[in-house]
Amino acid sequence: MPYTPHTKTEIKEMLDVIGLEKESDLFGGINSKVNGINLPEGLDEFSTFEKFKNIASKNVTDKIIFMGGGYYDHIVPSAVDALAGRSEFYTSYTPYQAEASQGTLQALYEYQSLICKLSGMDVSNASMYDGASALAESALMAVRITRKNKILIDAGINPTYIKVVQTYLSFRDIEFEVIDLKDYESDMDAVKEKIDSTVAAYLFQNPNFFGTIGDFNEIIETLHENKALAVISAYPISLGILNDPASMGADIFCADGQCLGNYMNFGGPSFGMIATKEQYIRNLPGRIIGRTLDKDGKELFVLTMQAREQHIRRQRATSNICSNQNLLALRSTMFLSLIGQEGLYEMSNTCFTKSEYLKEQLNTIDGLEICNAKNTFNEFVIKTKLSSADFLEKLSEKGFYAGINLSNLYENKDGQILISVSEKRTKEQMDNLVKAIGEIV
Amino acid sequence: MSNNMKIQTIFDKSQDGRKGINLPPLDVTTNVKLDSNLLRAKKASLPQLSEFDNIRHFTNLSNKNMSIDKNFYPLGSCTMKYNPKIVERIANLDGFLNIHPHVVTNNNASDVQGCLQTIDMLENYLCEVTGMSAFTTTPQAGAHGEMLGIMMIDKYHRSKGNKRKYIIVPDSSHGTNPATASMVGYDVITIKSDEHGAMDFEEFKSKMNEDVAAVMLTVPNTLGIYNNKIKDICDLAHSFDAMMYYDGANMNAIMGVVRPGDIGFDVIHINVHKTFATPHGGGGPGSGPVGVNDKLKEFLPDLGIKKVDDKYEFTSGGKNSIGKISPFFGNYGITLRAITYMIGLGSNGMANTSSKAVLNANYILARLKDHFDAPFKSLCMHECVISAKTLAKKGVTAMDIAKYLLDFGMHSPTVYFPLIVKEAIMIEPTETENKQTIDLFCDKMIDAVELANTNPEEFKLYPKTLGVCRPDDTRAIKELDVKFD
Amino acid sequence: MKKYNEEHEWVEVEGDIASVGISSYAVEQLGDITFLELPEVGSSFSTGDSAAFIESVKAASDIYAPLTGEVTEVNEDLLDTPEILNENAEGTFIYKTKISDAGELDSLMSEEEYSAFKETL
């Protein structure tokens, strides 16, 4: 299915203007051509569709999802699909010519504003690739700002995020240390002990990977006394009811935006958020949108502070990042604008309440232990005497994705499962899950 | 004509008490309360609009954008080709959208055979098109792919006890190349381009030594020029055990014609949002799959797939894997779109694509080279670079030309890149544009030269029809306003 | 008496202290200056070290030390109002340095030599 419109006549006319005989002369100067590539010929549209429809049917989509761990089965309003599906948004490009991109630029300005209102921070950029790389770039940002070379990593952070952060840091010879949890909470004493004048930042997640919420205010004070920064990886939906990063004193806030109106899509695309205090704006990576006036005094939006970015700074850039995840950030802008102040509070409260209900019901099952009962938000850990794999397989046969196998992620968590509840889970689904679990433990 | 109304953001339109979504009902209760010190003092002050308010707002915003579906968009090195609609239809199938990635953590490959099949198909297709022996889809953008590639090269050298210091790039390279080198802890050596626009081979020879870890090249380069000495460059680098990195931004010129693996590259990234038509989304999401030859396979990220009999399984990386740069398989939704496009294109379609892309760019160069400065007048590849150097002496810059074009329903080409050409205008039409559109573009460019000769001051008034004109970039920085207060 | 180098920086000597600035040509190329990162008083640079950093709307550049020496003073006005460089680059110093090697001045260009050099660009 080539999408090239050229007719034979047009090709001849064009070659004449160029001064060539035949089309293959265009590649005449190249000395290393292949003799065709060994792939099938192109398919027509209908055959392509049938092929992929068949492939899609091999994915299971009818199990009820109680999995979280950074990716959540939240509602995606149809208005978001309708708006983001407009080709004026999805076939446009990076807004380098401001006059031709006011739609994208204004939407991104609104995005930046929403992230600041959600997190309480002073400035946000126009998005990163995802939550994991946003956290890694936050660590690099802290190293730049403090000019120190050590990062403390709380073990409560999503383990795949920790791996990504470690990968980024290890190639820059930046020292890092992971601080273990005490039960399922951050070990505040152990963290305090590790903070000294060589530390650039402490990275933590709230709620943590297991769903436990912590109070980090004191730790953040200690960090600041030692001229170190507090970097928080947060869960946007939880910010409907939980304390916001700015009020805690955090210096850099980052998060993953899949939960805000984006499909899980087997892990991507999503987008990352990063926001910080006003004095650190020069150190933010990625694109930033600003409002200004044009030559006639009319308001408009532009890419600003571009002198931080790779196309200007090249090897001195704050980051090599070029793309933001524009379309996904746009979707979240629409989502937050749709859900609004009251809606986010309500949604957050609903997730909390539903997961507490499930916790209570599960607690009545003999042979099932709730590992972190207190102060959790929409996810928590359970333990049974079945192996985690066995537990999940049996429930899968009954139509449930009952949680995440923690024994596959951690050495010492045999039999443990991370369960998550979103606003989409009904009382009936939860009661059925409890019943099904009761039958197997 | 223009929109004279003051900007109204969603915050300006907010009305206390408006709601945009009804949530699923809260059908359970709990007596549990969180400790009060963990809670927000005040609700996050998000705006309050109805669903319809939002539809009106964002629909009107979308009308302020230029886009490929509406406008010719000849941005050099961006490959703004048509995004086929069948791709969207397939990508939005329920079977692909609502898949939770932690099935990977649960080692539940049997529930996602469809996803794994499409990843495998893409990796196989890319291997065949590029001549590499393995791919990973984990990088989420081209620059992310560059970072992964340089990380793997770094580990290769370290594993031989041979940590090196430098990465070589030509002065025509994209900014991401040296920025990536820095991110992975390298210093950059920049080699100037010669009078033909290729990386100066003699200077390269003088700087190449065993302290150089890798050479990063874009082929054809950002001037649209194919360097026939590539093989010599690769041979010289390899003689010092340095790696050759291929920046795939310009793959659209040589897809089906030249295979980077065959000419000596060890690691490459592909920008699928360029070459393989996944939508640009206003600046993302992209995806930058990275391919390697056998030398670097062991360093690939630690999540992959393999086919055992007729089923796909997850693999975890070997002990020399660089680790992870993305939690799972990268931007799955985007790589899915890419393989859909490639299946539709097929081998015949790919060769035809590069041929027409190169035809269109050469036609533009032929029509414009006598009206503008043209540093390289001989055949170009899929993009050409001209210059407004002479016009600038009359007070008409490349930026002025760019702004002028906007009034004729066309997005400007890239301006001021590559850095080595003064007043550069980089034009990439892509293969999906017809002759009539391209002729209109050339006509308008020639009109611009006319206007520059007769009435150069007029340019500062363009664009006239878009409602806004010539942002004050300095004011944007000095009076920083990056959020609604 | 002012001397220039090929990076479009100038030095003006008074006794054993040199004022360091950038030329109006450099500022023209950069466009509206928006930000400067200044060295710390007391820090030492060799010729060619990156001593300061300058940002404009569309560009960013190191300012390399034209002479070896220790920084004695920096122009703090530039932190708040970097645009004074656009108004008067030739008359605005960025930092002052002790001169450790007067011989280095000989390899810099005079004003006439610098004018001739600009023609070749």
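Lys51(A) counts as partly exposed, because its relative accessibility is 35%. This residue belongs to helix α2 of chain A, which covers residues 45-56. Apart from neighbours within four places in sequence, Lys51(A) is in contact with Leu43(A), and also with Met121(B) and Ile343(B). The model in which these contacts occur is a predicted one.

Chain A contains 14 helices and 17 strands. The C-alpha trace of this chain spans about 85 × 55 × 45 Å along its principal axes. Chain A has 441 residues, and 68% of them count as buried. Of the contacts in chain A with a separation of 6 or more, 71% are accounted for by residues 24 or more positions apart.

One backbone feature of chain A concerns Met305(A), whose phi is near 50°, a positive value in a residue other than glycine. Most residues other than glycine have a negative phi. Met305(A) is placed in the loop that runs between β12 (299-304) and α11 (310-313) of chain A. With a relative accessibility of 6%, Met305(A) falls under the 20% limit and therefore counts as buried.

Chain B has 13 helices and twelve strands. Its C-alpha atoms fill a box of roughly 80 × 65 × 45 Å when taken along the principal axes. The radius of gyration of chain B is 25 Å, which agrees with the value near 23 Å that a compact globule of 485 residues would have. Of the 485 residues in chain B, 68% count as buried. Among contacts in this chain between residues at least 6 apart in sequence, those joining residues at least 24 apart make up 71%. The accessible surface of chain B is about 16100 Å², and 48% of this area belongs to carbon and sulfur atoms. There are 52 positive and 56 negative side chains in chain B, and the centres of the two sets lie 3 Å apart.

Several local features were found in chain B. Asp16(B) is located in the segment before α1 (51-62). Asp16(B) counts as exposed because its relative accessibility is 71%. Between Asp16(B) and Leu49(B) there are 33 residues of sequence separation, and their C-alpha atoms are 8.3 Å apart in space. Asp241(B) has a phi near 60°, a positive value in a residue other than glycine. This residue is found in the loop between α8 (230-239) and β5 (243-247) of chain B. At 21% relative accessibility, Asp241(B) counts as partly exposed.

Two cis peptide bonds of chain B involve proline. The bond from Gly284(B) to Pro285(B) is cis, with omega near 10°, and Pro285(B) sits in the loop between β6 (267-269) and β7 (290-292). The bond from Phe417(B) to Pro418(B) is also cis, with omega near 0°. Pro418(B) is in the loop between β11 (414-415) and β12 (424-427). Most peptide bonds are trans.

Chain C comprises four helices and nine strands. Along the sequence these elements follow the pattern β-β-β-α-β-β-β-β-β-α-α-β-α. The C-alpha trace of chain C spans about 35 × 35 × 20 Å along its principal axes. For 121 residues, a compact globule would have a radius of gyration near 14 Å, and the 13 Å of chain C agrees with this. Of the 121 residues, 49% count as buried. Contacts joining residues at least 24 apart make up 62% of those between residues at least 6 apart in the sequence of chain C. The accessible surface of chain C is about 5900 Å², and 44% of it belongs to carbon and sulfur atoms. Chain C has 6 positive and 28 negative side chains, with the centres of the two sets 4 Å apart.

Chain C is in contact with chain B through five residues of chain C and four residues of chain B. Together the two chains bury about 440 Å², of which 58% is on carbon and sulfur atoms. On the side of chain C, Asp32(C), Thr34(C) and Val57(C) supply 70% of the area buried against chain B, more than any other three residues.

How values were computed. Residues are numbered from 1 along each chain as its sequence is written. Chains are lettered from A and ligands numbered from 1 in the order in which they are written. Side-chain values use heavy atoms; hydrogens and water are left out. Helices (H or I, at least four residues) and strands (E, at least two) are DSSP runs, numbered from the N terminus. The radius of gyration is taken over C-alpha atoms; the globule rule is 2.2 Å times the number of residues to the power 0.38. Buried means under 20% relative accessible area, exposed over 50%, partly exposed in between (1.4 Å probe, protein chains only). Contact means heavy atoms within 4.5 Å. Accessible areas come from the Shrake-Rupley method with a 1.4 Å probe; for residues, only the protein chains shown count as cover. Lys and Arg count as positive and Asp and Glu as negative; His and the chain ends are not counted. The place of a charge is taken as NZ of Lys, CZ of Arg, CG of Asp or CD of Glu. Buried area is the accessible area (1.4 Å probe) that two parts lose on being put together, summed over both.
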